[in-house]
Amino acid sequence: MEQSPIKLSRCYKTARVFPTDVNNHNTLFGGKLMAYIDDIASISASKHCRRSVVTASTDSVDFLFPIRPTDSVCLESFVTWTGKSSMEVFVKVITEDLKTGERKIAATSFLTFVALDENKKPVTVPHAIPETEEEKRLNETALHRAEMRRSRREGSKKFADYLTTTFPWE
Ligand SMILES: CC(C)(COP(=O)(O)OP(=O)(O)OC[C@H]1O[C@@H](n2cnc3c(N)ncnc32)[C@H](O)[C@@H]1OP(=O)(O)O)[C@@H](O)C(=O)NCCC(=O)NCCS
């Protein structure tokens with residue numbers, strides 16, 4: 001089976017918080033951060049498998065601290081675990097107060113991407129090999145998260161059966 005070290009999937013991005021990026025509390029708008037997270041995570045997934053990828057799911061995004069215009073926002077992402085065609089990607093968001101240098105974990109998220117072949121069908125990805133302590137810990141705990149997602153997906157499918165697609169005025 002093809003293998004690839006997790007480190008080859010690592011991506012980093014640092015951004016300023018501009019006036020157009022904030023909410024009415026003058027802190028980074030959550031939707032903006034979620035777009036950054038999906039963006040960087042998709043690059044990690046693509047670097048790991050060198051295929052087209054789609055986001056299959058995003059686990060909860062935990063916003064631990066507000067991100068202010070005086071902070072920089074730094075995102076770090078890497079593949080933590082692989083199934084057959086799926087890849088779990090972890091994203092860590094670190095804020096840095098640009099005056100004091102204080103750094104905090106502001107948010108974390110797990111996402112799952114699926115690699116697709118030329119016919120848009122799921123295709124096998126290289127097995128992810130963890131090396132650092134952080135990578136090993138996230139890799140060892142991933143199977144449990146994947147099982148929870150599988151069960152949640154089944155629930156989401158059943159839930160969708162109850163929902164209507166008609167317009168509210170019909
Ligand atoms: C994700 C998608 C490609 C899966 O296709 P599928 O034909 O249902 O494929 P399967 O059921 O065989 O699943 C393929 C893999 O995806 C995983 N998967 C599928 N849905 C998942 C979900 N919601 N969360 C986590 N993993 C998921 C499966 O566990 C499986 O993993 P494995 O190959 O490692 O065992 C398909 O559901 C899809 O295209 N969804 C829309 C994706 C999209 O448009 N994303 C952008 C959102 S705007």
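Of the 14 residues around the ligand, the ones that come nearest are Ser57, Gly83, Lys84, Ser85 and Ser86 (near means a C-beta atom, placed from the backbone, within 6 Å of the molecule). This is a predicted model, so to speak: local features need pLDDT of at least 70, side-chain atom pairs count only at pLDDT 80 or more, and totals for chains, interfaces and linings use all residues. Residues are numbered from 1 along each chain as its sequence is written.

**Around the ligand**

- Sorted by class, the shell holds 4 nonpolar, 6 polar and 4 charged residues. Here Ala, Val, Leu, Ile, Met, Phe, Trp, Tyr, Cys and Pro count as nonpolar, Asp, Glu, Lys and Arg as charged, and the others, Gly among them, as polar.

**Overall layout**

- The protein chain has 2 helices and 8 strands, and along the sequence they run β-β-α-β-β-β-β-β-β-α.
- The C-alpha trace spans about 55 × 50 × 30 Å along its principal axes.
- Buried residues make up 28% of the 170 in the protein chain. Buried means 20 or more other C-beta atoms within 10 Å of a residue's own, exposed means 12 or fewer, and partly exposed is in between, with C-beta atoms placed from the backbone.
- Take the contacts between residues at least 6 apart in sequence: 73% of them join residues at least 24 apart. A contact is a pair of C-beta atoms, placed from the backbone, within 7 Å.

**The core**

- The largest nonpolar core has 33 residues, and Ala45, Val89 and Val91 have the most contacts inside it. Such a core is a set of buried Ala, Val, Leu, Ile, Met, Phe, Trp, Tyr and Cys residues joined through C-beta atoms within 7 Å.
- α1 (30-49), β5 (71-82), β6 (86-97), β7 and α2 each supply at least two residues of this core.

**The helices**

- α1 has 20 residues and reaches 29 Å from first C-alpha to last, close to the 28 Å expected at 1.5 Å a residue; the expected span is 1.5 Å times one less than the number of residues.
- Among the buried residues of α1 are Leu33, Tyr36, Ile37, Ile40 and Ala45.
- α2 has 30 residues and reaches 44 Å, close to the 44 Å expected.
- α2 also bends by about 40° at Ala142, the bend being the angle between axes fitted to the seven residues ending there and the seven starting there.
- The buried residues of α2 are Glu135, Leu138, Asn139 and Ala142, and they pack against β5, β6 and β8 (127-129).

**Residues to look at**

- Thr55 is in β3 and counts as partly exposed because it has 14 C-beta neighbours inside 10 Å.
- Leaving out neighbours within four places in sequence, Thr55 is in contact with Asp38, Ser42, Leu111 and Phe113.
- Asn26 is not a glycine, yet its phi is positive, about 60°. Asn26 sits in the loop between β2 (11-16) and α1.
- Arg50 follows α1, lies in the loop between α1 and β3, and has a positive phi of about 55°.

Terms used
Helix = DSSP H or I, 4+ residues; strand = E, 2+ residues; numbered from the N terminus. Contact = placed C-beta atoms within 7 Å.
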